[in-house]
Amino acid sequence: MPPPRKIAFVSPRFPEGATIGGAETLLRTLAGYAVAAGLDVTFLTTCARNHFTWANEVPPGTRTIDGIRVHFFPVDSDRDIESFLRVQERISRGTKVTLDDEMLWLKNNVNSAALINHLKTEGATYERIIIGPYLFGLTYFAAAVDPRRTVLVPCLHDEAFAYLESFASMFRDARTIMFNSAPERDLAARLFGEPMEKMPVVGMGIPPFDAAPDAFARQNKLTTPYVIYSGRREPLKGTPLLLAYLDTFRQRTQRQIKLVLTGSGQIEPPPSLAPHIVDLGFVDEPTKRNAMAGALAFCHPSVNESFGIVLLESFMAGTPGLVHAGSAVLQHQCRASNGGLWFRNYPEFEESLSLLCDQPDLRRALGAAGRRYVQSEFAPPRITEKLLTALAG
Amino acid sequence: MTTTTTTPIFTIGAEGIDTAKLVEEIRQAVAEKTAAGRYADARIARAERMNLVNLKNEEEFIDFYLAGLQDAIFVDINDFEIVERRARLGSLLVALKKTIWKLLKFYTYRLWSQQNLVNGLLLSALETTEHRHRTRIKDLEARIAGLEKEIRNPKSEIRNKSEFPNE
């Protein structure tokens, strides 16, 4: 079957300027590949930018951004936050909830009636509607409009929400489900039992770049080695664990190691670690890449990842990864590339980081292996080809 | 406060890296050092509380902390070797310490034995209560799931009605 000509993407936010979540960045990147391949692409999203407040910040309407026609719709303001949080807390604690409660949670999740109405009236003009990530009311209700045209990009994690009956039916009904990595697809196969033909692995392209390993330390007058983490800082991303482990590592080993952070979100470091953190907040891409290139390791402590964009970027910068073994995806990327190590607990973290400190040859070899892996597996033309094949299915 | 130094135990060249093998070697090294007491450290226990893998659901969360409590509740009340680092008057100081310990031993032994008893009883009560609640919640969840299934399946409703035509 030839690839479709006219498609729409649906995501709760559209990344513009500073990086918004990985899933949104993924969808925007895929939309860009589709535009470059000559497809007629529309991106349907909300006016929200902040994933805590979901306030309507961007004016509603249509704009063309980098060749992508983007429709901004307002987020519904009539959410019953109290009911939403009550059910969400029970779900996240692993307590079984009824279908009625699931629906209550979805209805009071992030939604946009205007966007859903647009899909109901105009949906038939799109040959494929690519929707993600899975964990939003908007995704659930958008996927229900026309499941035969729906291509899910779930960015699935092994978390309590993935076990909800509502999401199981959404996965079952969708035409195609596109995954970012083989472990993510394996998880879906285990949870929903859908046939593999319906579940292609596409991923996201990582554009090749060269970075200057010494530039960042020179500019920031850093004289000691450092590990780096880039991305959102929140408990689910494991940043409190990274702070606790690194503080313990410094105390136990007496090694002078700093932590460089880029990205958004608050951190509460232990007082003994605070003077040794270089928190850059949002930085431009060249600065981030140079910071990655000069690091001892890119430490990714999250156990909830479906792809690990920043880990792959650090591989491209020639820096090894040090990731939490609890993330099947991050562990897979390190294992498949031979570009990083993984730890289950503090003692393994200490051994691994000590090894990277003491053996520069090993560090360089891991970094080079990671870079080769990203260059061969995640070259944008290769991902475009996979995307078009998946959309044709 | 003790510090540790990690001697490099791996010699890896630039070619032919197998990270899976490397991680396996790291785990073996950790197992050996753990057995030798190198990781028995309160700072590690504190850091480990942030490890989300241990806290994936309520049951694992409680299991994790109960296991921690089991390891921690009993105070070591056994006798121990009395030593003296200072060479000068070393044997005299050791004799003095031994005498003081002999005088105090009876009282501390009684005190810590009672504490161990209380700790053990409290943990047993906590484990029993937790087990009872866990079983009860599981039964209730299974019952809710069964009721939900019945509500969603109209056939069973019809069958039930036909089985009891007079109701």
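## Domain 1 against domain 2 in chain A

Domain 1 and domain 2 of chain A bury about 1400 Å² between them. Carbon and sulfur atoms carry 57% of that area. The model is predicted. On the domain 1 side, A:His157, A:Pro183 and A:Met204 lose the most area to domain 2. Together these residues make up 29% of what that side buries.

Domain 1 of chain A brings 20 residues to the contact. Domain 2 of chain A brings 15 residues.

## Polar links between the domains

One salt bridge is counted between domain 1 and domain 2 of chain A. Four residue pairs are in polar contact between these domains, with both residues at pLDDT 80 or more. Two elements of chain A give two or more residues each to the domain 1 side: α7 (182–192) and α15 (380–392). By class, that side of domain 1 has eight nonpolar, eight polar and four charged residues.

A salt bridge also joins the side chains of A:Glu377 and A:Arg382. Its N to O distance is 3.7 Å. That value falls inside the 4 Å cut-off for a salt bridge.

## Chain B against chain A

The interface between chain B and chain A buries about 3700 Å². Of this area, 59% is on carbon and sulfur atoms. In the contact, 41 residues of chain B meet 46 residues of chain A.

Two salt bridges are counted between chain B and chain A. A:Glu351 and B:Lys33 form a salt bridge through their side chains, at 2.7 Å from N to O. Eleven residue pairs are in polar contact across the interface of chain B and chain A, both residues at pLDDT 80 or more.

## The chain B side

Which helices of chain B supply at least two residues each to the side that touches chain A? They are α1 (19–35), α2 (42–48) and α4 (90–152). Of the elements of chain B, α1 gives the most to this side, with nine residues.

By class, the side of chain B that touches chain A has 21 nonpolar residues. Eight polar and twelve charged residues complete the count for that side.

Conventions: Residues numbered from 1 in each chain as written. Chains lettered and ligands numbered in written order. Predicted model: local features only at pLDDT ≥ 70, side-chain atom pairs only at ≥ 80, totals over all residues. Heavy atoms only, no water. Contact = heavy atoms within 4.5 Å. Buried area = accessible area lost by both parts, 1.4 Å probe. Polar contact = N/O pair within 3.5 Å; in protein donor to acceptor, adjacent residues only side chain to side chain. Helix = DSSP H or I, 4+ residues; strand = E, 2+ residues; numbered from the N terminus. Nonpolar A, V, L, I, M, F, W, Y, C, P; charged D, E, K, R; others polar.
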